[in-house]
Amino acid sequence: MHHIPKKSLGQHFLTDKNMIAKIIRSFELLPGYKILEIGPGEGALTHELLNMDCELTSLELDTVLAENWKKIAQDRCDFNCEEVDATKIDWEPFLPVDRLVGNIPYNVSRALLYKAFKHRAGISELIFMVQKEFADKLVAKPGDDAYGILAVLSHTFAETKLLFTIPPSVFFPPPKVMSACVKLIFHDDDINDEFYIKIVQTAFNQRRKTLRNSLKHYFTPELENKFDWGKRVDQLSPNDFCELNQLIIANQQGEA
């Protein structure tokens, strides 16, 4: 399958066989696993996955590529391809899965990750190829320059690992930046995503202010001695955010 990459879709196709094999090994697949793949492209990963006795569903936005994959799927009971925009559709019909994988266009990495957070109860592990700078934001710790919203959310919802870096030379066309392979192993939790994400985003939107000011909408005198409101947001660990989130919710419910 030879396809001219579309810049508008951020397409950079994996071509190096050694790197493809390394990425596939990182998936740690077992026969019978259910896999959801974002953007099969020309099939560097897809062809390998189809040889591993797994049940594969691929989501492809590019019409030409999607039509080619749907033709292949006609002759297989273990493969399905949908021509859809993975950032916009509901993933529920394709879940649960053992692995969510993909070589992710840089311009939609954040949107896809937030979708994965939303559906994490149906996803055991996520393995994405993303821009190295984006990967650094996922794995950052308090005090790191890259520490921010993405790091707090990824560490709250999952065990997050940067597995290895990927050079531009293994793609066609080669991107202008380094890439990285990241893995998220999702936790079981009962966090209210929408509210928790709002708390984290609100705090980081004014990261130079103390929590008493950046989260003044949620602060009440009853919470004064229950948390250190004099800290700045970049001093808080993901566990601190979880504690703060629970305090605010309890306070709003009159339980604090």
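Helices (H or I, at least four residues) and strands (E, at least two) are named here as DSSP runs, numbered from the N terminus. The model shown in these views is predicted.

**View A. The peptide bond between Phe172 and Pro173 is cis.** Its omega angle is near -15°. Pro173 sits in the loop between β8 (171-172) and β9 (179-186).

**View B. Leu95 and Pro96 are joined by a cis peptide bond.** Omega is about 5° for this bond. Pro96 belongs to the loop that runs between β4 (79-83) and β5 (97-103).

**View C. Glu28 and Asp53 have positive phi values.** Asp53 is part of the loop between α2 (46-49) and β3 (55-60). With a relative accessible area of 59%, Asp53 is exposed.

**View D. Helix α4 packs against helix α6.** Two packed helices are described by the angle between their axes and by the distance between those axes. For α4 (residues 109-118) and α6 (residues 149-157), the angle is about 30° and the axes are 11 Å apart. Angles under 35 degrees count as roughly parallel, and α4 is therefore roughly parallel to α6. The crossing of α4 and α6 is left-handed. On the α4 side, the contact is made by Arg110, Leu113, Tyr114 and Phe117. These residues meet Ile149, Leu150, Leu153, Ser154 and Phe157 of α6. By class, the contact of α4 with α6 has seven nonpolar residues, one polar and one charged.

**View E. Helix α6 also packs against helix α7.** The axes of α6 and α7 (residues 193-204) come within 10 Å and cross at roughly 150°. An angle over 145 degrees counts as roughly antiparallel, so α6 and α7 are roughly antiparallel to each other. Their crossing is right-handed. From α6, the residues in contact are Ile149, Val152, Leu153, Thr156 and Phe157. Their partners in α7 are Asp193, Tyr196, Ile197, Val200, Gln201 and Phe204. By class, the contact of α6 with α7 has eight nonpolar, two polar and one charged residues.

**View F. Asn245 is a buried residue of helix α9 (residues 238-252).** Its relative accessibility is 5%. Neighbours within four places in sequence aside, Asn245 is in contact with Phe195, Tyr196 and Ile199.

**View G. Arg120 and Asp193 form a salt bridge.** Side chains of opposite charge can pair when their charged atoms come close. Here the N to O distance is 2.7 Å. Arg120 lies in the loop between α4 and β6 (123-131) and Asp193 in α7, so the pair ties together parts that are 73 residues apart in sequence. Both Arg120 and Asp193 are buried.

**View H. Other salt bridges include those of Arg212 with Glu224 and Lys88 with Asp85.** A search of the whole structure finds 13 salt bridges. The closest N and O atoms of Lys88 and Asp85 are 3.9 Å apart, and Lys88 is exposed at 68% relative accessibility. The side chains of Arg212 and Glu224 meet at 2.8 Å, N to O. Arg212 is in helix α8 (residues 211-214) and Glu224 in the loop between α8 and α9, so this pair ties together parts 12 residues apart in sequence. Arg212 is partly exposed, with a relative accessible area of 31%, and Glu224 is partly exposed at 32%.

Key. Residues numbered from 1 in each chain as written. Predicted model: local features only at pLDDT ≥ 70, side-chain atom pairs only at ≥ 80, totals over all residues. Heavy atoms only, no water. Axes fitted to C-alpha atoms, helices over the stretch in contact; angles between N-to-C directions. Parallel < 35°, antiparallel > 145°, perpendicular 65-115°, else oblique. Left-handed = near helix turned anticlockwise from the far one by under 90°. Contact = heavy atoms within 4.5 Å. Nonpolar A, V, L, I, M, F, W, Y, C, P; charged D, E, K, R; others polar. Buried < 20%, exposed > 50% of the residue type's maximum accessible area, 1.4 Å probe, protein only. Salt bridge = Lys/Arg side-chain N within 4 Å of Asp/Glu carboxyl O.
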